Amino acid sequence: MINNFDILIIGGGHAGAEAAWISSQFDLKIALISSPNASLASAPCNPAIGGVGKGQVVREIDALGGLMGILADKAGIQFRTLNESKGFAVQSTRVQVDKDLYTKNAEALLGQLDNLTIIRKMVLNVAKDDDTFFVTTVDNNKYIAKKIIVTTGTFLNGKLHTGEDQKAGGRVDCEKSVGLNDLFQDIKTLPNRFKTGTPPRLDKKTIDYSKMDPQDSDPETRNFHALNAPFTRESTQVSCYLTKTNAQTLSIIRSNKDRSPIFNGQIKGVGPRYCPSIEDKAFRYTEKDVHHIFIEPEGLNLETIYPNGVSTSLPKDVQESFVQTILGLESAKILIHGYAVEYDVVDTSQLSKAMEYNSIPGLYFAGQVCGTSGYEEAAGQGIIAGINASFALMNREPLVLDRTDSYIGVMIEDLVTNKRDEPYRLFTARSENRLYVREDNTISRMRKYRRELGLFTRLDLFQEDFLEEVELLKKLVDSTMIYSNEETKKYFIVHNYGPLDINISFKELLKRPENSPVVVLDRETKRFGVCFSIDVVRTVAISVKYEGYIDRAIIESEKINRLGKKKLNWESLVESKNISFECKLRIKTIKPETFAQLQRIEGIRPATLAYVAGNII
Amino acid sequence: MNFYTDDHPIIACSTGTQANTAIAVIRLSGFKSLLSLQSFFSFSLSKTKPRFSHLSNIIFENQIFDNILLVFFPEGESYTGENVLELSVHGNLLNIQKILDLFILNADFRSAHPGEFTYRALKNKKLSLSQVEGLDMLLNANSSLMLSQGLDILQGELHTQYMRLYDSFLKLKAAVEISIDFSEDVGEMESNKLLNDSFNSFFIILESLHARTQGNISSLLSPEMVLVGQTNAGKSSLFNLLVKHNRSIVSSIAGTTRDYISEVIHIDGTNYNLVDTAGIRESKDVIENIGIDRAFEILKRAFFKILIVNPLETDEAYLEKLAGIEFDFLILSHSDKTDFLSKSSNLDLSKIIVSQVAIASFETGSIGPVDLKIFKSGPIGPALKSGSIGPLTKHGPIEPLTKNTAPIEPFATSGSIKPVEPKSIKISGPIEPLVKSLLAEKFGIETSNSPILLERHRICINNLYLKATTLSRKINTIGDMAILSSEINIFSNYLSELIGIMSPDDVLNSIFANFCIGK
């Protein structure tokens, strides 16, 4: 049997699953090699998809034709809209998922693709000869591929820690991929390893929920997948619960500092500051004893509960004693202990925006191996790597998402123009164009990219129809005036629309801060018997609401951007005597072409920026 | 600054080349290695200890040029950031020129452009832009106020204030981002409180800086004392008195015209330009009228205005012309004349705005109190007068002078409205010390809030304050955090003009450094 593929994906997590799914949409032969012990697209950490900024990413993936939105909707057991009171631009969807359902659906959807071969083996070796990659698995089978996408997550030189216990591995119960260590001898990894951790899993029958505040599923939160009806749930909905640590909890942790791998020097990897372990919280914020813990079910039929907020690598006995100090967890039983994992990270400054390794054409990377954290970030890179490996085989220009219109674009540019010094997560703060990069206008933002794929599915039809309706409603809104007369004045008072002393444009009404533009537009279109879907109404209403602010932000950011867009010659910067040695090293590896890119390099000193700015104006 | 483009070694005499002096310092900067200059020195340069002074001859081709002291500052530890050699040479102008030529012709040095050493310091991050501005102020100060502010910007209180402003803004931005990206981690209540607190502390620092930009600062930078009065009123006498006792080592600024004469005098650490405006009188002559207009201009912007009136020869029309100008001091001269009192009582001074009044005799050189009730035609002035800034609240025939240009509520914070009625000085004595003390007193009051002197800084701060004030009115009604954040981002442009560029990573770092983020 000749095992000959166009694209071979190593790793079956969220990045690998997306890469496999999207590349299988083309007329190509795809293989996905994944560890026999781990199911596809499994969620080894928290049981949730989405979140602030991340919800936008899931919708972007969905608009590109990805898998994540479909899976999250199917397995969603609690839906929430975060930042609901803080403005449309920063609202994001988060869905608690049933881990079991999630991965079963992933296996099923991927399994039904005719041109995708799923191989459950450990990889022993990868070699390249001319333009062809040769992959050998532990059972000595050989596979040939034109393109390789590496999505190995934390498995690259992975090492697990629970207290004093250490063992090699990518996650609990999974051996690490032995081959991977030697596999990429020519691949640059970051000098510092990264670290991430996960909390102990609790037996759901041993928790006293009556002592905690419930957080119910929100029926008004929209599904992720555009083709699903927005509010129809495919699974039973459940609640999460909120509890918190106390002085006793923290004092147990603090008195075991010498047994904490993070603080006794056993772990050298850099953990994410935005997702600290409970040890980090205990020792870095010594005056604070109360920290929130979100009690999240891992599945409808699974026995485990995920206590979000107490990620730890303390020894098992310490985990047991501190957990039982927490309100509602007094007799909680730990089913799986928390642990930390240290792993190697690829130096993403060596990647192109297509996620291809610059010096080894045909080799792509995506996901946590690139130093990101989060399923959504991984999936976002996976779909881009999958599309671009496919495009390369079809001799097409790579698909590059712009950071001004997508969070995926923000993330990839941040990754490839920078050496990370801690795990990377998306925040809305990372986007300069936050007022525009919203959930409600995802289709408007992403349609042009999806169109590039050249596919014509039900999704494409839906998107085209959607945008047509949006255009129509926009025109309607643009051309409507409200005339001031006794009747309209009275109507304005009834609905609290504010004064109507003179004629105003309909747009002006939508922009009035006292009104919700969505409610007003929905009511008014219905009143005139014009029927648009609520999602079309939302997109248009919110776009109108923000248009002035976006325009102004563009003008203001142009002022900065004028500087940001200035081209610079990084070679001359490296020669300059006026830039510190460390800054030069960073400039040399990143090779910034514009001032904005220089600015985004982590660790570039303000003085260097001021000097460069002074010299290019 | 296009001419400052190369990294060529430069040389200049740093101590001025106006006159022969005992010692002059020649500074060389930017040479590759100290040893490459060995052929110019008798002292073995390999024995040089950085920042120690060594005795040497300057020699070239067996000829001794001078006996000097040299100090070496290595790259990275010098003023410019480059290798610097300072030579203390004998300060004869010819000697200095000979030594400069020696290095320019026989080594690879060129003459430094004005300010080039400092430019290199800026370029090599030895100084920030605002520090360079401070240095410029320090070096070119003509008042102790500028001198101390120059130092302040370089390393002192103002520099600290700017850093505090930067810090508090960073915290404000962080608070907004926390509210958006991490409110679940930090908690809704806490993140709201954080936002309000951080805006308030930012605004307080900004307000205190803004208060220091108010007022007529240009008149403080090169303060002028102007003498106004008709011929024979006694202007020249006062002028000569003041100049005789207080002549400054600084000479008059060029550009004086036939319309007035001026002289720099030094009082209490500050150089004042003392101006005798000869020009203010009625005239049909076009050229002369231009001169008169100019005199009025000088008068209006002057820091301290003295009006001298001789009651014996007063022209009502002349006083009429001065209506609306705020004088600091009115001197009724010729008090030694017999009909002084009767003539004085006939004066109509009701349109003259003035703070203090005295009678004086330039014959005897003495000055003294005056009984303001002697003026039969009514009181002096429209009675109420403001301090340094702000509209005048007063009655009388003259409209309030609103010369204030500050955009928003300028008085609330400046606290300098002091409506005063004209009053007589209290004591008698020699004229010159009294005028001096009145002048110094006003200067002390006007500078008590340490005004920010640099125009560029004041514009930045005013712009920022304008935006922040607008925002402060609606901060609690903007529910939309994304909009609030975009409003606040607009600040950063102005702020970065003042204190440098702020990157998104600075904000994230501030978040992670100060708050426990992560569920």
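Figure 1. The C-alpha centres of domain 1 and domain 3 of chain A are 42 Å apart. This is a predicted model, in which local features need pLDDT of at least 70 and side-chain atom pairs count only at pLDDT 80 or more, while totals for chains, interfaces and linings use all residues. Residues are numbered from 1 along each chain as its sequence is written, and chains are lettered from A and ligands numbered from 1 in the order in which they are written. Chain A is assigned domain 1 (201-341), domain 2 (458-562) and domain 3 (565-616); the bounds come from an automatic or database domain assignment. For chain B the assignment gives domain 1 (10-126), domain 2 (158-213 + 455-514) and domain 3 (221-446). Between the C-alpha centres of domain 1 of chain B and domain 2 of chain B there are 47 Å.

**Figure 2. Four-stranded open sheet of chain A.** The 4 strands of this open sheet follow the order β11-β10-β19-β12 in chain A, and their pairing is antiparallel. Strands (E, at least two residues) and helices (H or I, at least four) are DSSP runs, numbered from the N terminus; two strands pair if DSSP finds at least two bridges between them. At the edges are β11 (165-168) and β12 (194-198) of chain A, each of which pairs on one side only. Neighbouring strands of the sheet are turned against each other by 20 degrees on average, direction ignored. Axes are lines fitted to C-alpha atoms, for helices over the stretch in contact, and angles run from 0 to 180 degrees between N-to-C directions. Strand β19 (residues 339-343) of chain A pairs with β12(A) over 5 bridges in the antiparallel sense. Opposite Thr198(A) stands Tyr339(A) in β19(A).

**Figure 3. Three-stranded open sheet of chain A.** Here 3 strands of chain A form an open sheet in the order β3-β5-β4, with antiparallel pairing. Its edge strands are β3 (48-50) and β4 (76-82) of chain A, each pairing on one side only. From one strand to the next, the twist averages 20 degrees. β4(A) and strand β5 (residues 92-97) of chain A run antiparallel and are joined by 6 bridges. Arg80(A) has Arg94(A) of β5(A) opposite. In a regular strand, side chains alternate between the two faces of the sheet.

**Figure 4. Hairpin of β7 and β8 in chain A.** Strand β7 (residues 123-129) and strand β8 (residues 132-137) of chain A run antiparallel, joined by 6 bridges. Lys128(A) is placed opposite Phe133(A) in β8(A). The hairpin has 2 residues between the strands, and Asp130(A) takes a positive phi near 50 degrees.

**Figure 5. Contact of helices α9 and α14 in chain B.** Helix α9 (residues 235-246) and helix α14 (residues 431-446) of chain B have axes 10 Å apart and pack at an angle of about 80 degrees. That makes α9(B) roughly perpendicular to α14(B); angles of 65 to 115 degrees count as roughly perpendicular, under 35 as roughly parallel, over 145 as roughly antiparallel and the rest as oblique. Leu238(B), Leu241(B), Leu242(B) and His245(B) of α9(B) meet Ile431(B), Glu432(B) and Val435(B) of α14(B); contact requires C-beta atoms, placed from the backbone, to lie within 7 Å. The residues of this contact divide into 5 nonpolar, 1 polar and 1 charged. Ala, Val, Leu, Ile, Met, Phe, Trp, Tyr, Cys and Pro count as nonpolar, Asp, Glu, Lys and Arg as charged, and the others, Gly among them, as polar.

**Figure 6. Confidence along chain B.** The mean pLDDT (the predictor's confidence in each residue, from 0 to 100) of chain B is 77, and 73% of the residues score at least 70. Within chain B, confidence is highest in strand β5 (residues 84-90), at 94, and lowest in helix α13 (residues 410-414), at a mean of 36. Residues 251-258 of chain B stay under 50 in pLDDT, and the model has 8 contacts for them beyond four places in sequence. The pLDDT is also below 50 over residues 383-419 of chain B, a stretch with 69 contacts in the model beyond near neighbours in sequence. The model scores ipTM 0.82 and pTM 0.74.

Key:
Contact = placed C-beta atoms within 7 Å.
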